[in-house]
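Please examine the sequence and the three-dimensional structure shown below.

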Amino acid sequence: MRLATWNVNSVTARLPRLVDWLQRAEPDVLCLQETKVAEFPVAELAALGYEVAAYGLNRWNGVAIASRVGLADVTRGLPEEPGFPDPEPRAIGATCGGVRVWSVYVPNGRTPDSPHYGYKLHWLAALRKALADELRAPGEGTPGSAGAYADLVVTGDFNVAPADSDVWDPAAFVGSTHVTPAEREAVAALLTLDLRDIVPRPLKGDNPFTYWDYRAGMFHQDMGMRIDLVFATAGLAGQAADAYIDREARKGKAPSDHAPVVVDFAARIAAIPEK
DNA sequence: ATGCCTTATTTCATAAGA
């Protein structure tokens, strides 16, 4: 199974590039973030053989999962997620090819002294709780919850750089969000659910960055961040034959400010529904 | 070269992104 994640920064603005990229990269499952639409263009992706489950309400946020290996048990939102003040469309889950998949767009946080920062930490805690329930980790989870997915991937734009090596210059981020200990601990807490961080290889240079600001030529100077993450259950992560950042998708006219991350899991599709 | 910000909307300005 080839799984990918991509913050497209508006699926409407990115649709031509998204269609081109799907035809070139041929992922089995694609998790999307910042779709920024209430009505996802499902027909355009259906023409390429993808089913789509989308969750979007307005001009902000929005997530989706496109799959050509089945799309079942769709869940929109997290059971105990906080809102600002209302819940925002930042998480969608589905079962694709036998793997439980979550596409997430973690709140930005803005600045450490902003109310959005606390919202971000609470949201990450709610994400951990939801995943714990589905994985039924020892001593955790809600009694009676459905749970017990053997293979699970949670991926998307986490808006957290897990380590200093995940930003182009740690000194430039002092006092900023995305790198604070509390944010990194909230993300690291997800990994205690026996998940693994699949760090993709860059296709050029040494930095596994997935995001580069549009401004000031940040991309061509490789002044970026790794904030788009792929966390997989240990058994599944062990099947990752390759993982890379498709920087080609960040080039050229009208790109997203994020590049797709692609992971190839070897021989891991449990059951592709006959269609 | 990869190239100097972009998106949707309450649009000739604003909020948000990270």
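Q: How many bridges join strand 14 to strand 15, and do the two strands run parallel or antiparallel?
A: This is a predicted model, in which local features need pLDDT of at least 70, side-chain atom pairs count only at pLDDT 80 or more, and totals for chains, interfaces and linings use all residues. Residues are numbered from 1 along each chain as its sequence is written, chains are lettered from A and ligands numbered from 1 in the order in which they are written, and side-chain values use heavy atoms, with hydrogens and water left out. Strands (E, at least two residues) and helices (H or I, at least four) are DSSP runs numbered from the N terminus, and two strands pair if DSSP finds at least two bridges between them. Strand 14 (residues 240–245) and strand 15 (residues 261–265) are joined by five bridges, and their sense is antiparallel.

Q: Which residue of strand 15 is the bridge partner of Ile-245?
A: Pro-202 has Ile-245 of strand 14 as its bridge partner, and strand 10 and strand 14 run parallel, joined by two bridges. On the strand 15 side, Asp-242 is bridged to Asp-264. For Ile-245, the partner in strand 15 is Val-261.

Q: Which strands are the edge strands of the seven-stranded open sheet?
A: The strand order in this sheet is 3-4-2-1-15-14-10, with mixed pairing. Each edge strand pairs on one side only; the two are strand 3 (51–55) and strand 10 (201–202).

Q: At what angle to strand 1 does helix 1 run?
A: Helix 1 (residues 11–25) lies across strand 1 (2–7), strand 2 (29–33) and strand 15. Axes are lines fitted to C-alpha atoms, for helices over the stretch in contact, and angles run from 0 to 180 degrees between N-to-C directions. Relative to strand 1, the angle of helix 1 is about 160°.

Q: Why does one side of strand 5 and of strand 9 lack a neighbour in the sheet?
A: The six strands of this open sheet have the order 5-6-7-8-13-9, and the pairing is mixed. Strand 5 (72–76) and strand 9 (195–197) are at the edges, so one side of each has no neighbour in the sheet: each has a single partner strand.

Q: Which residue of strand 13 is the bridge partner of Asp-157?
A: Strand 8 (residues 152–157) pairs with strand 13 (residues 228–233) over five bridges in the antiparallel sense. The partner of Asp-157 in strand 13 is Asp-228.

Q: Are helix 3 and helix 4 roughly parallel or roughly antiparallel to each other?
A: The axes of helix 3 and helix 4 (residues 181–191) come within 9 Å and cross at roughly 10°. Angles under 35 degrees count as roughly parallel, over 145 as roughly antiparallel, 65 to 115 as roughly perpendicular and the rest as oblique. The two helices are therefore roughly parallel.

Q: How many nonpolar residues does the contact of helix 3 with helix 4 have?
A: Contact means heavy atoms within 4.5 Å, and the residues making it include Leu-121 and Leu-124 of helix 3 and Ala-186 and Val-187 of helix 4. Ala, Val, Leu, Ile, Met, Phe, Trp, Tyr, Cys and Pro count as nonpolar, Asp, Glu, Lys and Arg as charged, and the others, Gly among them, as polar. By these classes, the contact has three charged residues, no polar ones and, among the nonpolar, 10.

Q: Which elements give two or more residues to the lining of the largest pocket?
A: A pocket is an open set of points on a 1 Å grid over the protein atoms alone, with protein on both sides within 12 Å along at least five of seven lines; a cavity is a set where a 1.4 Å probe fits but cannot get out, and lining residues have an atom within 4 Å of a point. The largest pocket holds about 910 Å³ of space, and among the residues closest to its centre are Glu-34 and Tyr-105. The elements in question are helix 3 (115–135) and strand 12 (224–225).

Q: In which loop is Glu-34 found?
A: Glu-34 is a residue other than glycine with a positive phi, near 50°. Its location is the loop between strand 2 and helix 2 (42–46).

Q: Which residue does a cis peptide bond join to Phe-84?
A: Omega of this bond is about -10°.

Methods:
Points joined across faces, edges and corners; volume = space filled by probe spheres on them.
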